[in-house]
Each structure stands twice: as C-alpha cells, then as structure tokens.
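Have the coordinates open while you read.

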Amino acid sequence: MLQNLLTNNTYSLYIHIPFCSSKCDYCDFYSIPMNIDSTNDKETINACLNAIILDIQKQIEYFDVNYIPTIYIGGGSPSILSLKQIASFLYDLLKILPSRPIEWTIEINPESATKDFLEICKNYGVNRISAGIQTFSKQSRDAVHRNGTIENIYKNIECISKIYGRNFSLDVITGLPFSTKEQIKSDLKIILDFEPEHISLYDLTIEEDTTLFFNILKNKSLLPKKEYAEMLWILGRDILISKGYFQYEVSNFAFDKNNVYNKLKNLNYSSLIKDKKAQKNGFCLHNMRYWFMENWLGAGPSAGGAALFSRTNTSTENNNYGMIYNCVDNVFSYIKHVTNNTFPQYCVTENISKKNLIKETIFMGFRTSFGPDAELFQKRFSCSLQDIIPNTINKWREKKLFYTEKTALTPQGLLFLNGFIRNAFEEIANLE
Ligand code: SF4
C-alpha cells in the first residue's frame, strides 16, 4: 500500500479550517476570529464546512483520485469547532474519501481541545494530533496575544497523551519576546516529559503585515536580538537531538526510538516510505509529501494544492509539468464560489514549467536531511541533481556542510539553507 504513494492518482489532502478564537500577533495564516456562541458565526462555520466537503468532492473527481494516503486538518484552529460540528464534518468526509488514510492528523489548540473533541476525532479515524504549544511562558504568550492558560495547556497535553499514546506532535517557538535560555530549556523539559513522537521547533519568523511586524516597527527592543534568537533555536535543536530525536527537516524532529536513522547515512525518501518503521518513528508523512513534491489536494479558504504529472492537466511536451493552485482566500467568497462553480474556477491556478518544478524540488527537498529524492528526481526530469547543480554540491561539500554519502545538507549545513538555495538557483539560472 505504501508504494502507491508514488503513483499519480494518489493525492494527500490538506483541509484548512480558517477559524480561531482570537488572532495571535505573529500569525499570517488566513484565519478569522469567531465567537462560537454567536448564532451568526455558527452558521458561517457550518456553511464553510459544507463547502469544504463539496470542494473535496469536486477535487477528487477532477483529478480522478483513487488513494489518499495522508490527511492534515489544519487552520486556523480546527479545535474551535463544536462537538457536533466536528463529528458531522468527519462523518461527511469519510463518506466521500476513496480510501482510509494511513496517517490522519488534526491540528489543535491545546487551550480549546477537550477530551470529548479528541475522542470524537479518534473514533472517526484521526490517528495523530498536532498541538501548537509555542511556549509555557505567560509573559511571552501575553506579549504576542497567544491565548491559553499554562494550567489548561498542561492538562490538555496530558489528555492528548492518554488518548493518542505517543502519536502526537508539539510545536515550540523560540525567539518570542522575553525568550531566554532558561525558558527554552524549561519548555522542552516539560514537553519531553510527555514523550511525543514528533516535535516541531520553529524560530519565530516575522511576517510582514502582521500585528507583531507593526509592533516591532514601534518598539524595536520587543524581540531578542537576531544572534541571541538563533542561539536559542540551536540550543533547542541540540537538546532534542541529545534526547534521541532525529532532525529530518529544518524545523522537524522525529523520535528515533531504535536509534536507526542517524546511522543510515544514505536513507532517502523513496526507501523511507516503503519502510514500515517510518510510521513507528514519528515522521510526519503528510509533510514529507510536500517536501518531496508529491501531489496533494488543498480544500478550504486559502488552501493550496499541487497536481504534478497529473493525468488531467500535464503534458511535459509543452513544458507543462503540472498545476499548483490556491482556493480563494475569503470565507464568504469561498462558500459562494464553491457552491456555484466547478473546480478549479474558484482557485488561482498556475501551470508549472520544468525549470520551476526543479527549483521547487530543490527548495523543498533540501529542507530535509534526506535531500531531494534521487529516484523521484531521475524519474521526473531524466537527469540527476549532480547533473544540474554540480558546482553548488562540490562547493558545499568542500565546506563540509554537505554529506559525501548523499545529496543533502548536514545539520550544520541546514543552518545556512538560504545561502545554499541561492547558489543552486544561480547555477540553474540558464536552464531551459
Ligand atoms: S491560533 Fe494559529 S492560526 Fe489561529 S491566529 Fe494563532 S497562530 Fe494563527
């Protein structure tokens, strides 16, 4: 079954539930604050959930999808939905899926997810939880208007681990206002005590047009200095690695229970997805499909999808290697357009050329500690990465930031990912 992941009517599914209880200052996702007790907001959420189901149905038909290996329900905060809303949404979704996924994640906000909510998800087949913790520091949370009391978050992680065992992921952000070494150590200690299979460790990114961006313009000392923030992230990374987590992507760490992945220097994506151990070692298969440029459907306001080498709309003879698309990013337009139009009329679409797909493959694949997959690359472009960017690879190998056994950056090299990508793009600038 896992081998089917490489066929072209296999698509993963990302679902965007664009509602939150309030807006965090650093957030640039499309999400709108909702009051779940208000009748109007409840109706809008219900209409949006119905439109999402219709949208998925249209996309499955359009791309002739026969297998969906992974589903990720993100947002927004899907855990803002009432018990009735989540149950009926999952029920409707199951009715239209061509197959049961092997990995099914729902993102939750630990202050809003209740035991009942988590149990309903599990009963419908969700087998993985991703919870945005960010930090246990009240001072840092308050400074960016991140909801939730420490007691509640703690209690809800306990609940997740009771219901889902170790099949959950916790997100931590370093470099928030008032972030310190002691705070990072303390955040990770609490998190590690829960033994999650997966941890995402992000260095805060300041996105333009967010509230945090404008607050920083007014008060430059709000955030720790860049060098200090970088040091905090590296401290966090080193703690996770020392506790048996394998950094398989720039910001993502999977618990390597048998201590095998660090030793497999030439491990690649194709062999990993055929390896049943991968699932037991906490990798997020869904995100791996993005990083290796596999196909996925994106449903919900602002959700994006990719259909590469799709039977419906690809002809490599015309330098058309597939389509990427984004659904309209406004709840009300989304509901209206999905109801009245066919897919992809309610999306912004773009055909992707060979050169752009190679660039995207390099950009995404080198985020991982496997590097872009050699087998897939050869299959798609009839050449190897070594043929395309030999000078960049040699240069970074000489700097000892690139593995000799495989085409991937070392953990130290990942710290300079942007510089590597710049070199690679310069080298392929004249590619036809
Ligand atoms: S909870 Fe998540 S999606 Fe919602 S505003 Fe905060 S960061 Fe954005």
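How many nonpolar, polar and charged residues are in the lining of the largest cavity?

## Model and conventions

This is a predicted model, in which local features need pLDDT of at least 70, side-chain atom pairs count only at pLDDT 80 or more, and totals for chains, interfaces and linings use all residues. Residues are numbered from 1 along each chain as its sequence is written, and side-chain values use heavy atoms, leaving out hydrogens and water.

## The cavity

By class, the lining has five nonpolar, one polar and two charged residues. Phe292, Thr361, Pro372, Asp373, Leu376, Phe377, Arg380 and Phe381 make up this lining. Helix α14 (residues 374-381) gives the most, with four residues.

## Helix α6

The 13 residues of helix α6 (residues 181-193) should span 18 Å at 1.5 Å a residue, and this agrees with its end C-alpha atoms, which are 18 Å apart. The expected span is 1.5 Å times one less than the number of residues.

Gln183, Ile184, Asp187, Leu188, Ile191 and Leu192 of α6 are buried (under 20% relative accessible area, 1.4 Å probe, protein chains only). Seen down the axis, these buried residues fall within an arc of 160°, so they line one face of α6. They pack against β6 (128-134), β7 (168-174), β8 (198-203), α8 (226-242) and β9 (245-249), with contact meaning heavy atoms within 4.5 Å. On the other side, Glu182, Lys189 and Asp193 are exposed (over 50%).

Methods: 1 Å grid on protein atoms, 1.4 Å probe; cavity = no way out; pocket = protein on both sides within 12 Å on 5 of 7 lines; lining within 4 Å. Helix = DSSP H or I, 4+ residues; strand = E, 2+ residues; numbered from the N terminus. Nonpolar A, V, L, I, M, F, W, Y, C, P; charged D, E, K, R; others polar. Arc of directions from axis to C-beta.
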